[in-house]
Amino acid sequence: MSERKVLTKYYPPDFDPSLVGRARKPKGSAAAAAGPKVQTVRLMAPFSLRCVACGEYMYRGRKFNARKETPQGERYLGIQLYRFYIRCTRCSAEIVFRTDPKNQDYVVEKGAKRNTDPWKRGLENGAGAEGEGGGLETDEQRLDRLEREMAEAEGEEERNAMAELEAKTEDAKREMAVADALDEIRSRNARLEMARKEGGELVGAGLAMVSPEEEERRRQEEEDAEAARRAFAFVRRQDMLEEIVEEDGEDEKAGAAPNGSGGGTGSGSAPVSTSDSKHSPAATAPDVMPPPTFKRQVKKKKDHAALLGIKKKQPLV
(Lines give C-alpha, C1' and ligand atoms only; values in the text may rest on other atoms or scores of the structure.)
Protein backbone atom coordinates (compact mmCIF):
# COMPACT_ATOMS: atom_id res chain seq x y z
CA MET A 1 0.00 0.00 0.00
CA SER A 2 2.90 2.37 0.62
CA GLU A 3 4.09 2.40 -2.98
CA ARG A 4 0.75 3.87 -4.14
CA LYS A 5 1.28 7.07 -2.18
CA VAL A 6 4.74 7.96 -3.37
CA LEU A 7 5.28 11.01 -5.57
CA THR A 8 8.03 9.47 -7.70
CA LYS A 9 8.59 6.03 -9.11
CA TYR A 10 11.72 4.18 -10.14
CA TYR A 11 12.57 4.05 -13.85
CA PRO A 12 15.43 1.76 -14.97
CA PRO A 13 18.32 3.30 -16.94
CA ASP A 14 17.36 1.50 -20.17
CA PHE A 15 13.71 2.78 -20.12
CA ASP A 16 12.50 4.16 -23.51
CA PRO A 17 9.16 6.06 -23.29
CA SER A 18 8.61 5.93 -27.08
CA LEU A 19 8.16 2.20 -26.87
CA VAL A 20 5.35 2.47 -24.36
CA GLY A 21 2.92 4.44 -26.61
CA ARG A 22 -0.69 3.31 -26.21
CA ALA A 23 -2.68 2.53 -29.36
CA ARG A 24 -6.49 2.82 -29.20
CA LYS A 25 -7.60 -0.44 -30.78
CA PRO A 26 -10.86 -2.43 -30.39
CA LYS A 27 -10.74 -5.29 -27.96
CA GLY A 28 -10.49 -8.83 -29.26
CA SER A 29 -8.24 -10.86 -31.49
CA ALA A 30 -6.06 -9.57 -34.34
CA ALA A 31 -8.78 -10.38 -36.91
CA ALA A 32 -11.30 -8.39 -34.94
CA ALA A 33 -8.84 -5.52 -34.65
CA ALA A 34 -8.49 -5.42 -38.44
CA GLY A 35 -12.34 -5.25 -38.85
CA PRO A 36 -14.71 -2.24 -38.49
CA LYS A 37 -14.50 0.09 -35.55
CA VAL A 38 -16.83 -0.85 -32.65
CA GLN A 39 -17.57 1.16 -29.51
CA THR A 40 -20.12 0.98 -26.70
CA VAL A 41 -22.70 3.77 -26.59
CA ARG A 42 -25.88 4.60 -24.70
CA LEU A 43 -28.87 5.24 -26.97
CA MET A 44 -32.67 5.26 -27.09
CA ALA A 45 -34.77 3.17 -29.43
CA PRO A 46 -35.62 5.39 -32.44
CA PHE A 47 -38.93 3.55 -33.04
CA SER A 48 -41.17 1.01 -31.37
CA LEU A 49 -40.39 -2.62 -32.27
CA ARG A 50 -41.22 -6.22 -31.37
CA CYS A 51 -38.75 -9.04 -30.80
CA VAL A 52 -39.20 -11.97 -33.22
CA ALA A 53 -37.87 -14.48 -30.70
CA CYS A 54 -40.15 -13.84 -27.72
CA GLY A 55 -42.65 -11.25 -28.99
CA GLU A 56 -41.65 -8.60 -26.45
CA TYR A 57 -42.64 -5.03 -27.39
CA MET A 58 -40.15 -2.24 -26.82
CA TYR A 59 -41.44 1.28 -27.10
CA ARG A 60 -39.77 4.25 -28.69
CA GLY A 61 -37.37 6.11 -26.41
CA ARG A 62 -36.32 3.13 -24.30
CA LYS A 63 -32.65 3.26 -23.38
CA PHE A 64 -30.14 0.53 -24.28
CA ASN A 65 -26.42 -0.13 -23.88
CA ALA A 66 -25.60 -0.73 -27.55
CA ARG A 67 -22.53 -1.47 -29.65
CA LYS A 68 -22.00 1.06 -32.41
CA GLU A 69 -20.30 -0.27 -35.55
CA THR A 70 -18.84 1.94 -38.28
CA PRO A 71 -18.60 -0.09 -41.53
CA GLN A 72 -15.86 1.27 -43.76
CA GLY A 73 -17.32 0.76 -47.20
CA GLU A 74 -20.96 1.69 -46.55
CA ARG A 75 -21.75 5.31 -47.41
CA TYR A 76 -24.60 7.19 -49.05
CA LEU A 77 -23.60 10.35 -50.95
CA GLY A 78 -20.59 10.65 -48.70
CA ILE A 79 -22.61 10.15 -45.49
CA GLN A 80 -21.32 7.40 -43.22
CA LEU A 81 -23.77 4.64 -42.23
CA TYR A 82 -23.79 3.29 -38.66
CA ARG A 83 -25.02 -0.05 -37.35
CA PHE A 84 -26.23 -0.66 -33.78
CA TYR A 85 -26.48 -3.91 -31.81
CA ILE A 86 -28.84 -4.13 -28.84
CA ARG A 87 -30.36 -6.93 -26.75
CA CYS A 88 -34.01 -7.79 -26.13
CA THR A 89 -35.08 -6.82 -22.62
CA ARG A 90 -36.80 -10.18 -22.10
CA CYS A 91 -34.89 -12.92 -23.90
CA SER A 92 -31.58 -11.06 -24.59
CA ALA A 93 -31.79 -11.87 -28.32
CA GLU A 94 -29.61 -9.70 -30.50
CA ILE A 95 -31.36 -6.96 -32.50
CA VAL A 96 -29.56 -5.09 -35.29
CA PHE A 97 -30.63 -1.86 -36.99
CA ARG A 98 -28.79 0.80 -38.95
CA THR A 99 -29.17 4.36 -40.11
CA ASP A 100 -30.87 5.26 -43.43
CA PRO A 101 -29.71 8.71 -44.63
CA LYS A 102 -31.65 8.40 -47.87
CA ASN A 103 -35.02 8.45 -46.10
CA GLN A 104 -33.81 10.17 -42.91
CA ASP A 105 -34.81 7.16 -40.82
CA TYR A 106 -33.60 3.83 -39.38
CA VAL A 107 -33.90 0.31 -40.83
CA VAL A 108 -34.21 -2.93 -38.81
CA GLU A 109 -31.88 -5.61 -40.18
CA LYS A 110 -32.23 -8.57 -37.83
CA GLY A 111 -33.90 -9.81 -34.67
CA ALA A 112 -37.04 -7.63 -34.57
CA LYS A 113 -39.92 -6.17 -36.55
CA ARG A 114 -40.78 -2.54 -36.61
CA ASN A 115 -44.30 -1.55 -35.55
CA THR A 116 -46.48 0.17 -38.12
CA ASP A 117 -46.29 3.98 -38.21
CA PRO A 118 -49.53 5.33 -39.77
CA TRP A 119 -47.90 8.68 -40.58
CA LYS A 120 -45.23 7.07 -42.76
CA ARG A 121 -46.16 5.49 -46.08
CA GLY A 122 -44.66 2.25 -47.38
CA LEU A 123 -42.53 1.56 -44.29
CA GLU A 124 -42.13 -2.12 -43.38
CA ASN A 125 -39.66 -4.05 -41.26
CA GLY A 126 -36.84 -6.39 -42.24
CA ALA A 127 -33.67 -6.25 -44.24
CA GLY A 128 -33.63 -4.55 -47.62
CA ALA A 129 -36.23 -1.94 -46.76
CA GLU A 130 -35.71 -0.19 -50.09
CA GLY A 131 -36.65 -3.33 -52.05
CA GLU A 132 -39.75 -3.67 -54.17
CA GLY A 133 -42.99 -3.96 -52.22
CA GLY A 134 -41.26 -4.10 -48.84
CA GLY A 135 -39.80 -0.67 -48.11
CA LEU A 136 -40.06 3.05 -48.45
CA GLU A 137 -41.60 4.72 -51.46
CA THR A 138 -39.03 5.75 -54.03
CA ASP A 139 -39.06 8.97 -56.03
CA GLU A 140 -40.34 7.22 -59.16
CA GLN A 141 -43.13 5.50 -57.21
CA ARG A 142 -44.08 8.79 -55.58
CA LEU A 143 -44.28 10.55 -58.97
CA ASP A 144 -46.39 7.73 -60.40
CA ARG A 145 -48.74 7.88 -57.45
CA LEU A 146 -49.13 11.65 -57.72
CA GLU A 147 -49.82 11.45 -61.46
CA ARG A 148 -52.41 8.74 -60.87
CA GLU A 149 -54.13 10.78 -58.16
CA MET A 150 -54.20 13.85 -60.39
CA ALA A 151 -55.71 11.87 -63.26
CA GLU A 152 -58.40 10.47 -60.96
CA ALA A 153 -59.18 13.96 -59.69
CA GLU A 154 -59.49 15.31 -63.26
CA GLY A 155 -61.83 12.46 -64.21
CA GLU A 156 -64.00 13.14 -61.21
CA GLU A 157 -64.12 16.82 -62.10
CA GLU A 158 -65.26 15.98 -65.62
CA ARG A 159 -68.03 13.77 -64.23
CA ASN A 160 -69.19 16.52 -61.91
CA ALA A 161 -69.00 19.26 -64.56
CA MET A 162 -72.68 18.85 -65.55
CA ALA A 163 -73.84 18.90 -61.93
CA GLU A 164 -71.82 22.05 -61.26
CA LEU A 165 -73.29 23.69 -64.39
CA GLU A 166 -76.83 22.90 -63.24
CA ALA A 167 -76.10 24.27 -59.78
CA LYS A 168 -74.66 27.47 -61.27
CA THR A 169 -77.76 27.86 -63.49
CA GLU A 170 -80.07 27.49 -60.49
CA ASP A 171 -78.04 30.06 -58.56
CA ALA A 172 -78.20 32.50 -61.47
CA LYS A 173 -81.99 32.11 -61.74
CA ARG A 174 -82.39 32.66 -58.00
CA GLU A 175 -80.24 35.78 -58.10
CA MET A 176 -82.23 37.16 -61.05
CA ALA A 177 -85.52 36.57 -59.22
CA VAL A 178 -84.20 38.32 -56.12
CA ALA A 179 -82.98 41.25 -58.22
CA ASP A 180 -86.40 41.57 -59.93
CA ALA A 181 -88.18 41.54 -56.58
CA LEU A 182 -85.87 44.24 -55.25
CA ASP A 183 -86.46 46.40 -58.33
CA GLU A 184 -90.20 46.05 -57.95
CA ILE A 185 -90.05 47.02 -54.28
CA ARG A 186 -87.88 50.04 -55.07
CA SER A 187 -90.23 51.23 -57.84
CA ARG A 188 -93.27 50.82 -55.60
CA ASN A 189 -91.61 52.77 -52.80
CA ALA A 190 -90.68 55.50 -55.28
CA ARG A 191 -94.28 55.75 -56.52
CA LEU A 192 -95.63 55.93 -52.98
CA GLU A 193 -93.13 58.63 -52.08
CA MET A 194 -94.10 60.70 -55.12
CA ALA A 195 -97.80 60.29 -54.30
CA ARG A 196 -97.21 61.36 -50.71
CA LYS A 197 -95.27 64.46 -51.76
CA GLU A 198 -97.45 65.60 -54.64
CA GLY A 199 -100.80 64.42 -53.25
CA GLY A 200 -102.38 64.57 -56.67
CA GLU A 201 -102.75 62.10 -59.49
CA LEU A 202 -100.94 59.17 -57.91
CA VAL A 203 -102.97 59.06 -54.69
CA GLY A 204 -105.39 56.49 -56.09
CA ALA A 205 -102.58 54.31 -57.40
CA GLY A 206 -100.86 54.39 -54.01
CA LEU A 207 -104.06 53.46 -52.20
CA ALA A 208 -104.72 50.63 -54.65
CA MET A 209 -101.38 49.10 -53.77
CA VAL A 210 -102.08 49.08 -50.03
CA SER A 211 -102.32 45.60 -48.59
CA PRO A 212 -105.60 44.23 -47.12
CA GLU A 213 -104.10 44.25 -43.63
CA GLU A 214 -103.37 47.96 -43.93
CA GLU A 215 -106.92 48.65 -45.12
CA GLU A 216 -108.38 46.69 -42.20
CA ARG A 217 -106.20 48.60 -39.74
CA ARG A 218 -107.30 51.96 -41.20
CA ARG A 219 -110.95 50.95 -41.05
CA GLN A 220 -110.62 50.00 -37.39
CA GLU A 221 -108.96 53.34 -36.61
CA GLU A 222 -111.78 55.23 -38.35
CA GLU A 223 -114.42 53.28 -36.42
CA ASP A 224 -112.64 53.94 -33.12
CA ALA A 225 -112.42 57.66 -33.93
CA GLU A 226 -116.14 57.82 -34.78
CA ALA A 227 -117.09 56.00 -31.55
CA ALA A 228 -114.93 58.36 -29.51
CA ARG A 229 -116.51 61.39 -31.24
CA ARG A 230 -120.01 60.12 -30.46
CA ALA A 231 -119.13 59.45 -26.82
CA PHE A 232 -117.69 62.94 -26.34
CA ALA A 233 -120.79 64.48 -28.01
CA PHE A 234 -123.09 62.53 -25.69
CA VAL A 235 -121.18 63.66 -22.60
CA ARG A 236 -121.26 67.24 -23.83
CA ARG A 237 -125.05 67.07 -24.30
CA GLN A 238 -125.52 65.66 -20.80
CA ASP A 239 -123.49 68.54 -19.32
CA MET A 240 -125.58 71.09 -21.20
CA LEU A 241 -128.84 69.50 -19.96
CA GLU A 242 -127.61 69.62 -16.37
CA GLU A 243 -126.74 73.31 -16.74
CA ILE A 244 -130.18 74.07 -18.20
CA VAL A 245 -131.90 72.20 -15.36
CA GLU A 246 -129.85 74.10 -12.76
CA GLU A 247 -130.71 77.48 -14.34
CA ASP A 248 -134.42 76.58 -14.42
CA GLY A 249 -134.27 75.61 -10.74
CA GLU A 250 -132.80 78.95 -9.80
CA ASP A 251 -135.50 80.80 -11.81
CA GLU A 252 -138.20 78.78 -10.03
CA LYS A 253 -136.86 79.68 -6.62
CA ALA A 254 -136.74 83.35 -7.58
CA GLY A 255 -140.40 83.31 -8.79
CA ALA A 256 -141.74 81.37 -5.76
CA ALA A 257 -140.34 83.81 -3.16
CA PRO A 258 -142.77 86.75 -3.83
CA ASN A 259 -145.80 84.52 -4.43
CA GLY A 260 -145.44 82.41 -1.33
CA SER A 261 -148.28 84.22 0.58
CA GLY A 262 -150.75 84.15 -2.32
CA GLY A 263 -153.56 81.71 -3.20
CA GLY A 264 -153.18 78.09 -4.21
CA THR A 265 -154.04 78.60 -7.84
CA GLY A 266 -151.22 81.02 -8.46
CA SER A 267 -148.69 78.80 -6.79
CA GLY A 268 -150.00 75.71 -8.58
CA SER A 269 -149.91 77.13 -12.06
CA ALA A 270 -146.29 78.23 -11.87
CA PRO A 271 -144.81 74.78 -11.29
CA VAL A 272 -146.76 73.35 -14.18
CA SER A 273 -145.37 75.89 -16.56
CA THR A 274 -141.92 75.34 -15.15
CA SER A 275 -142.12 71.59 -15.61
CA ASP A 276 -143.13 72.12 -19.21
CA SER A 277 -140.16 74.37 -19.72
CA LYS A 278 -137.90 71.73 -18.16
CA HIS A 279 -139.00 68.85 -20.34
CA SER A 280 -139.33 70.66 -23.60
CA PRO A 281 -135.57 71.15 -24.13
CA ALA A 282 -134.88 67.60 -23.00
CA ALA A 283 -137.13 66.23 -25.71
CA THR A 284 -135.57 68.32 -28.42
CA ALA A 285 -131.92 68.19 -27.29
CA PRO A 286 -131.07 64.67 -28.49
CA ASP A 287 -132.51 65.47 -31.91
CA VAL A 288 -131.00 68.93 -32.45
CA MET A 289 -127.30 69.47 -31.77
CA PRO A 290 -126.79 72.86 -30.04
CA PRO A 291 -124.18 75.09 -31.60
CA PRO A 292 -120.84 75.15 -29.82
CA THR A 293 -120.23 78.11 -27.56
CA PHE A 294 -116.98 79.49 -26.22
CA LYS A 295 -118.55 81.44 -23.35
CA ARG A 296 -117.10 80.65 -19.98
CA GLN A 297 -119.66 78.88 -17.82
CA VAL A 298 -119.24 78.67 -14.07
CA LYS A 299 -120.75 75.59 -12.54
CA LYS A 300 -122.22 75.54 -9.07
CA LYS A 301 -120.00 73.77 -6.61
CA LYS A 302 -121.51 70.81 -4.84
CA ASP A 303 -121.34 70.52 -1.06
CA HIS A 304 -119.46 67.23 -0.69
CA ALA A 305 -119.10 67.70 3.06
CA ALA A 306 -122.87 67.55 3.54
CA LEU A 307 -123.09 64.36 1.44
CA LEU A 308 -120.45 62.70 3.62
CA GLY A 309 -122.20 63.80 6.84
CA ILE A 310 -119.53 66.27 7.92
CA LYS A 311 -120.90 69.24 9.85
CA LYS A 312 -119.30 72.59 9.39
CA LYS A 313 -118.13 74.41 12.48
CA GLN A 314 -120.12 77.49 13.38
CA PRO A 315 -118.11 80.70 13.36
CA LEU A 316 -117.36 82.05 16.85
CA VAL A 317 -118.08 85.66 15.94
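A: The discussion opens with Cys-51, which lies in strand β2. The model is a predicted one.

Q: What makes Cys-51 count as buried?
A: Its relative accessibility is 0%. Buried means under 20%, so Cys-51 is classed as buried.

Q: Which residues does Cys-51 contact, leaving aside neighbours within four places in sequence?
A: Cys-51 is in contact with Glu-56, Met-58, Cys-88, Cys-91, Ala-93, Gly-111 and Ala-112. Each of these contacts rests on heavy atoms within 4.5 Å.

Q: What makes Cys-51, Cys-54, Cys-88 and Cys-91 a group gathered at one spot?
A: An unreviewed UniProt entry places the feature "binding site" at Cys-51, Cys-54, Cys-88 and Cys-91. They span 41 residues in sequence, yet no two of their C-alpha atoms are more than 8.8 Å apart, so they gather at one spot.

Q: Which residues touch the most other members of the largest nonpolar core, and which elements contribute to this core?
A: The core has 17 residues, of which Leu-43, Met-58, Ile-86, Ile-95 and Phe-97 touch the most other members. Two or more residues come from each of β1 (37-44), β2 (49-51), β4 (63-70), β7 (83-87) and β8 (94-100). In soluble globular proteins, nonpolar side chains tend to be buried together.

Q: Which residues does Met-58 touch?
A: Not counting residues up to four places away in sequence, Met-58 touches Phe-47, Ser-48, Leu-49, Cys-51, Phe-64, Cys-88, Thr-89 and Ile-95.

Q: Why is the pairing of Glu-94 and Lys-110 called a salt bridge, and what does the pair tie together?
A: The N to O distance between the side chains is 3.6 Å. The limit is 4 Å, so the pair is a salt bridge. Glu-94 lies in strand β8 and Lys-110 in strand β9 (residues 105-110), so the pair ties together parts that are 16 residues apart in sequence. Glu-94, at 24% relative accessibility, is partly exposed, and Lys-110, at 46%, is likewise partly exposed.

Q: What makes Asp-183 and Arg-186 a salt bridge, and how are they placed in their helix?
A: Their N to O distance of 3.3 Å falls within 4 Å, so the pair meets the criterion. Being three residues apart in helix α3 (residues 161-198), they are separated by about one helical turn. Asp-183 is partly exposed at 44%. Arg-186 has 52% relative accessibility; exposed means over 50%, so Arg-186 counts as exposed.

Q: How do you know that Arg-229 and Glu-226 form a salt bridge?
A: Their closest N and O atoms are 2.2 Å apart, which is within the 4 Å limit. Both residues lie in helix α5 (residues 212-256), three residues apart, about one turn of the helix. Elsewhere, salt bridges that share partners join Glu-74, Arg-83, Arg-98 and Glu-109 into one network. The structure holds 19 salt bridges.

Q: Why is Arg-114 called buried, and which polar partners does its side chain have?
A: Arg-114, found in strand β10 (residues 112-114), has a relative accessible area of 7%. This value is under 20%, so Arg-114 is buried. Its side chain makes a polar contact with the side chain of Asp-105 at 3.2 Å. The backbone oxygen of Tyr-106 lies 3.0 Å from a polar atom of the Arg-114 side chain. Both distances fall within the 3.5 Å limit for a polar contact.

Methods:
Residues are numbered from 1 along each chain as its sequence is written. This is a predicted model: local features need pLDDT of at least 70, side-chain atom pairs count only at pLDDT 80 or more; totals for chains, interfaces and linings use all residues. Side-chain values use heavy atoms; hydrogens and water are left out. A nonpolar core is a set of buried Ala, Val, Leu, Ile, Met, Phe, Trp, Tyr and Cys residues joined through side-chain atoms within 4.5 Å. Buried means under 20% relative accessible area, exposed over 50%, partly exposed in between (1.4 Å probe, protein chains only). Helices (H or I, at least four residues) and strands (E, at least two) are DSSP runs, numbered from the N terminus. UniProt positions are given in the numbering used here, feature names are shortened, and annotations may be inferred rather than shown by experiment. A polar contact is a pair of N or O atoms within 3.5 Å; within protein, one must be able to donate a hydrogen and the other to accept it, and residues adjacent in sequence count only if both atoms are side-chain atoms.
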